[in-house]
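Reader: I am new to this structure. Please take one part and look at it closely for me.

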Protein chains: 4
Amino acid sequence: MKAANKHTKIIHAATKVFAKKGFFNARISDIAKEAKVADGTIYLYFNNKFDILISVFEEEIGALIEQVKKLLSTEDDPRKMIEIFTRNHLSVMKKNKHLAEVIQIELRQSAKLIKDYRNNKFSEYVDIISSIIKLGQERSIYRATIRPGIAKRAFFGALDEISRVWTVGIATDYTVEEATQQILDIFLCGILEPDAPCL
Amino acid sequence: MKAANKHTKIIHAATKVFAKKGFFNARISDIAKEAKVADGTIYLYFNNKFDILISVFEEEIGALIEQVKKLLSTEDDPRKMIEIFTRNHLSVMKKNKHLAEVIQIELRQSAKLIKDYRNNKFSEYVDIISSIIKLGQERSIYRATIRPGIAKRAFFGALDEISRVWTVGIATDYTVEEATQQILDIFLCGILEPDAPCL
Amino acid sequence: MKAANKHTKIIHAATKVFAKKGFFNARISDIAKEAKVADGTIYLYFNNKFDILISVFEEEIGALIEQVKKLLSTEDDPRKMIEIFTRNHLSVMKKNKHLAEVIQIELRQSAKLIKDYRNNKFSEYVDIISSIIKLGQERSIYRATIRPGIAKRAFFGALDEISRVWTVGIATDYTVEEATQQILDIFLCGILEPDAPCL
Amino acid sequence: MKAANKHTKIIHAATKVFAKKGFFNARISDIAKEAKVADGTIYLYFNNKFDILISVFEEEIGALIEQVKKLLSTEDDPRKMIEIFTRNHLSVMKKNKHLAEVIQIELRQSAKLIKDYRNNKFSEYVDIISSIIKLGQERSIYRATIRPGIAKRAFFGALDEISRVWTVGIATDYTVEEATQQILDIFLCGILEPDAPCL
DNA sequence: AATGAATGAGCATTCATTCAT
DNA sequence: TATGAATGAATGCTCATTCAT
């Protein structure tokens with residue numbers, strides 16, 4: 001992954017280091033070394049350590065949002081859209097372990113770490129799920145009794161926990177495809193209208 | 001909550017402090033003050049700061065396991081069992097915010113914090129879900145294609161993310177009962193055999 | 001000078017180190033080493049580096065005030081009182097070089113270093129001079145046209161600059177007694193020949 | 001104040017910045033910004049930060065010396081000469097606050113800051129006072145018992161401390177003229193009533 | 001068992017200085 | 001000459017842990 005400029009280079013380095021050591025155990029000098037810049041250089045691009053973490057969230061999740069939105073733009077069926085979201089999320093998490101770790105672990109602490117920080121990008125990402133559900137409800141494909149605001153969390157939580165297996169390195173393993181099929185099997189067939197066929 | 005002895009008193013104090021500040025921002029002196037003991041006293045009961053966190057996990061989740069197992073022991077229907085697990089988990093998380101925070105946030109970091117620590121108690125807790133699913137499959141109530149090892153994670157992840165709303169304090173709110181109904185609606189009706197009736 | 005307790009021990013060590021290196025070049029570890037305590041110990045007694053400097057001022061000048069007030073209490077003649085103040089100030093500054101340096105150099109910067117810090121003790125010390133002048137004016141020994149608020153500064157400034165020779169280590173040297181006589185001669189009688197008219 | 005060249009521009013900028021923040025809190029980038037040049041440009045004209053401070057002393061005090069020497073050249077009476085020196089010093093210090101701060105505060109630290117630096121210009125300035133006193137003694141206007149080397153310090157110290165009121169911004173205020181009159185009154189004639197005996 | 005004063009290792013951040021352009 | 005991005009050494013302060021009492 002070639003870094004276009006130093007800002008990006010540092011973001012990628014930080015993602016890697018935060019993933020490996022966690023935010024608190026990560027040293028600025030670790031990030032600097034990983035990015036092959038001097039410690040002080042980091043402060044030309046970021047205000048402080050927290051700022052680096054926030055930037056990692058914003059930029060990495062921002063890219064994820066762009067990617068999945070692009071994929072979704074070619075599809076119209078809410079069932080297929082859920083499938084696309086699922087497969088994309090799981091495969092990115094399996095491939096990009098560093099990003100996965102940061103989202104699964106560091107993102108969770110962020111509210112506690114940084115006063116008044118709202119993970120807007122993260123909310124935006126999860127809201128893609130609820131928007132798909134709402135679309136499906138408008139077209140009578142998804143049951144009207146499902147509350148999108150709750151279902152989006154249930155669904156994201158399921159994906160998140162499922163994909164943790166790959167980062168934590170638990171023995172029990174499964175492929176992205178197996179996980180996708182299971183998730184869809186459980187979730188889709190659950191929220192479908194009784195007469196809407198499962199995929 | 002009256003503490004039987006100093007060990008328990010410290011565990012409860014630590015749960016509260018870790019929940020409020022997070023493991024890294026929590027100071028031993030904070031825990032000592034909360035437990036109304038001297039800083040040094042903590043080291044008579046625990047080896048180090050990590051040891052306190054591990055003990056919090058083991059004891060608090062241990063109690064949770066006891067509680068839910070007791071509730072489940074009076075029930076035989078796998079559908080009801082899933083409902084009991086769900087309602088219990090969500091209501092404990094809503095009531096005991098400190099425990100909720102520690103499970104949702106600190107537990108996730110634990111592997112990174114403490115080399116070679118396996119959250120055995122946590123695994124035991126999540127495995128209750130897969131054992132219920134297996135039971136349902138044996139009785140042909142849950143579909144045989146569902147993989148319990150994946151489904152347990154999907155289900156726990158859903159519960160976990162759903163209940164995070166209460167600790168993070170997001171505006172969108174719902175009651176334990178609403179959340180329970182939605183979770184069951186989505187999850188149960190999804191994993192049931194085609195001819196097994198939803199609750 | 002035996003230190004009664006750690007607080008005093010650190011104050012004395014800091015006076016010495018600030019005198020030798022100046023506030024900014026003084027390292028906390030220098031003070032700690034000089035006081036024979038650990039770096040962290042200093043923070044059990046002081047809030048921060050500035051706080052140490054302020055404490056040095058307050059305590060060292062406080063002691064100086066006590067000392068000179070005690071000496072003055074036995075004297076009633078405003079001429080003798082000025083003499084006592086002068087001789088005491090000059091001899092303390094010549095003997096206690098560290099204190100002299102801190103007063104002459106670091107005290108001057110203090111307003112710039114520490115926002116909203118008023119050297120109350122220092123003002124109190126200089127005000128002893130104006131109170132002697134006022135006493136002399138009441139008794140018609142000192143001229144009524146002299147403004148005590150200006151004269152106190154002129155007098156203290158003269159003493160201060162005179163005594164700097166000893167700390168800076170300028171070649172031109174004179175004894176405390178010589179300096180005292182000259183100061184009194186100039187300040188009390190002026191530098192004019194008896195029959196030369198003032199301007 | 002139009003700067004003839006960059007060297008002078010930087011000197012003036014540095015005087016201002018050192019006055020405002022003090023030498024240690026002043027950053028090279030502050031001076032560069034004030035002088036409207038790049039940080040690196042400063043190093044084309046000065047060796048290091050200390051060098052800038054020394055240059056400030058030399059050039060600003062050098063100008064002060066030129067100015068007062070020119071004023072004194074038209075006067076022959078040692079009493080008038082002391083008056084001219086006093087009024088000039090006080091009025092420059094009241095007008096040029098930046099220079100005043102640098103002389104009153106930063107100059108004092110200079111020996112500690114810069115190894116082996118002798119403020120030659122400063123000595124030259126203060127020696128003007130002793131040369132006036134010597135002149136007065138030759139003409140039997142000033143008493144022969146006065147030691148010019150001590151009196152020059154006493155006199156400069158008085159002026160310095162008197163003028164500090166204006167830079168520090170103490171409530172008690174007086175005009176240049178009031179201060180000049182008081183200084184001359186005290187120094188030339190002493191503070192005693194005409195018929196009160198000196199000690 | 002209990003205390004809490006003392007320790008000292010460890011790190012985010014700053015900023016004078018350099019140097020490629 | 002002039003620039004300003006990059007460097008990396010340097011340090012105030014925190015806090016987990018120890019240990020004399």
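Author: Between chain A and chain B, the count is 12 salt bridges. A salt bridge here is a side-chain nitrogen of Lys or Arg within 4 Å of a carboxyl oxygen of Asp or Glu. One of them pairs A:Arg108 with B:Asp160. Their closest N and O atoms are 2.8 Å apart.

A word on the source. This is a predicted model: local features need pLDDT of at least 70, side-chain atom pairs count only at pLDDT 80 or more, and totals for chains, interfaces and linings use all residues. Residues are numbered from 1 along each chain as its sequence is written, chains are lettered from A and ligands numbered from 1 in the order in which they are written, and side-chain values use heavy atoms, with hydrogens and water left out.

Back to the interface. Helices H1 (6-21), H6 (97-113), H8 (148-168) and H9 (176-191) of chain A each give two or more residues to the side that touches chain B. Helices are DSSP runs (H or I, at least four residues), numbered from the N terminus. H8(A) gives the most, with 13 residues. By class, this side of chain A has 23 nonpolar, 9 polar and 15 charged residues. Charged means Asp, Glu, Lys and Arg; nonpolar means Ala, Val, Leu, Ile, Met, Phe, Trp, Tyr, Cys and Pro; the others, Gly among them, are polar.

Now the area. About 3900 Å² is buried between chain A and chain B. That is the accessible area (1.4 Å probe) the two parts lose on being put together, summed over both. Carbon and sulfur atoms give 57% of it. In chain A, A:Arg108, A:Lys112 and A:Arg153 lose the most area to chain B. Together they make up 22% of what that side buries.
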